[in-house]
Amino acid sequence: MRELIKRLPKVDLHCHIDGALRTRTIIELAQLQNYKLPTYDEEELKKYVTVSKSCRSLSEFLEKFEIFYPLLKDREAMKRVTYELIEDAKKENIVYLEARFAPVLQSKEGLNMEDVLKAVLEGKKLGEENFGIKCGIILCVYRGQPPESWYETVELAKKYKDKGVCGVDLAGDESRYPAKDFKEVFELAQKYNLNITVHAGEAAGAESIRWAIDLLGAKRIGHGVRLKEDRFLYERVKNAKIPLEMCPTSNVHTEVVPSYKKHPIKEYYYDGIRVTVNTDDRGVSDIDLSYEWEVCIDEIGFKLEDLLDMNINSIEAAFLDESEKNRIKELIQNQTSEILKGRKNDF
Ligand SMILES: [Zn+2]
């Protein structure tokens with residue numbers, strides 16, 4: 001099944017660039033930057049920078065970022081990891097990718113947010129050219145960072161709109177920094193006509209999703225796991241067909257849900273919520289999108305045809321113009337039927 005899933009054309013809408021590093025790349029970046037790692041052996045280092053399959057703790061998950069994060073405050077590093085993310089996406093036939101990051105987290109003295117963005121856009125352009133994948137960049141306004149950085153992020157998204165940036169997001173610690181506190185900056189994003197997605201209903205309750213939609217103008221919700229806590233809102237999201245960018249493995253690892261079986265994705269999907277399947281932090285979680293499809297089938301109980309349907313949800317929810325969206329949708333449908341031709345009886 002994994003081989004078949006790997007070949008099928010897929011879409012990932014929720015993927016963090018800074019959570020997507022290869023372990024080998026961390027070692028090479030450390031050598032280039034004279035940065036001390038606990039070990040330079042790839043297998044050994046993997047234990048420090050990726051979670052185990054049995055991880056059920058947000059703090060364990062976040063710890064993994066600390067080891068390699070300083071390496072990313074660097075132009076070449078950001079260009080490279082963006083490029084490699086697209087290369088990895090190509091290997092499992094992701095045909096459309098939205099990759100996100102918070103420019104403020106990679107900036108430092110002598111490297112401003114725009115410099116970091118330019119490096120990411122260079123990596124993206126090179127990756128798109130070499131691997132024939134369409135990739136959009138989403139800029140994350142980051143909770144807990146100074147308000148100036150929120151506005152600068154939105155201004156950058158406006159400046160580079162149609163030049164590689166396809167939208168803005170609100171990321172970071174949702175439990176400590178409620179979405180409603182970001183109303184003003186997202187009003188500006190709405191004024192600029194930017195596509196908006198918001199991490200909500202992951203570490204905080206359904207109220208967070210309501211603020212994201214009503215106050216921040218979110219067109220999509222990152223995760224939205226806790227949507228069912230508010231039945232009225234649940235019906236609204238369902239009727240308005242607001243897509244949820246769901247990432248089951250990430251939610252299991254960070255203990256948003258106790259297990260795959262307890263994840264609400266299947267219940268939401270069969271009830272008519274517009275669900276999509278994504279990776280979140282593919283490097284730290286040590287997964288790819290094919291793995292995510294596999295656990296959806298093996299652990300959560302979806303059928304392959306459900307995944308194919310959710311994949312269409314993804315491309316329809318993409319922050320793309322209509323003609324490009326239709327082109328990729330057609331490509332997905334053609335490739336899928338070609339691959340599945342004659343295999344009908346296998347399922
Ligand atoms: Zn995320």
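Among contacts in the protein between residues at least 6 apart in sequence, 72% join residues at least 24 apart, two residues being in contact if their C-beta atoms, placed from the backbone, lie within 7 Å. The structure is a predicted model, in which local features need pLDDT of at least 70 and side-chain atom pairs count only at pLDDT 80 or more, whereas totals for chains, interfaces and linings use all residues. Residues are numbered from 1 along each chain as its sequence is written.

The secondary structure comes to 16 helices and 8 strands, where helices (H or I, at least four residues) and strands (E, at least two) are DSSP runs, numbered from the N terminus. The radius of gyration of the protein is 19 Å, close to the 20 Å that the globule rule gives for 347 residues, so the protein is as compact as a globular protein of that length; the radius is taken over C-alpha atoms, and the rule is 2.2 Å times the number of residues to the power 0.38. The C-alpha trace spans about 55 × 45 × 40 Å along its principal axes. Of the 347 residues, 47% are buried, a residue being buried if 20 or more other C-beta atoms lie within 10 Å of its own, exposed if 12 or fewer, and partly exposed in between, with C-beta atoms placed from the backbone.

Two packed helices are described by the angle between their axes and the distance between the axes. Axes are lines fitted to C-alpha atoms, for helices over the stretch in contact, and angles run from 0 to 180 degrees between N-to-C directions. Angles under 35 degrees count as roughly parallel, over 145 as roughly antiparallel, 65 to 115 as roughly perpendicular and the rest as oblique.

The axes of helix α5 (residues 75–91) and helix α7 (residues 113–131) come within 7 Å and cross at roughly 30 degrees, which makes α5 roughly parallel to α7. Their crossing is right-handed, that is, the near helix is turned clockwise from the far one by less than a right angle. The residues of this contact divide into 8 nonpolar, 3 polar and 9 charged, where Ala, Val, Leu, Ile, Met, Phe, Trp, Tyr, Cys and Pro count as nonpolar, Asp, Glu, Lys and Arg as charged, and the others, Gly among them, as polar.

Helix α8 (residues 147–159) packs against helix α9 (residues 183–191) at an angle of about 10 degrees, with the axes 10 Å apart, so that α8 is roughly parallel to α9. Trp 150, Tyr 151, Val 154 and Ala 157 of α8 make this contact with Val 185, Leu 188 and Ala 189 of α9, giving 7 nonpolar, no polar and no charged residues.

For helix α15 (residues 304–317) and helix α16 (residues 322–340), the angle is about 165 degrees and the axes lie 10 Å apart; the two helices are therefore roughly antiparallel to each other. Leu 308, Asn 311, Ile 312 and Ile 315 in α15 meet Lys 325, Ile 328, Lys 329, Ile 332 and Thr 336 in α16, and by class this contact has 5 nonpolar, 2 polar and 2 charged residues.

Asn 93, although not a glycine, has a positive phi of about 55 degrees; Asn 93 is placed in the loop between α5 and β2 (94–101) and is partly exposed, with 18 other C-beta atoms within 10 Å. Glu 255, in the loop between α12 (248–253) and α13 (265–270), likewise has a positive phi, near 65 degrees, and counts as partly exposed with 15 C-beta neighbours inside 10 Å.
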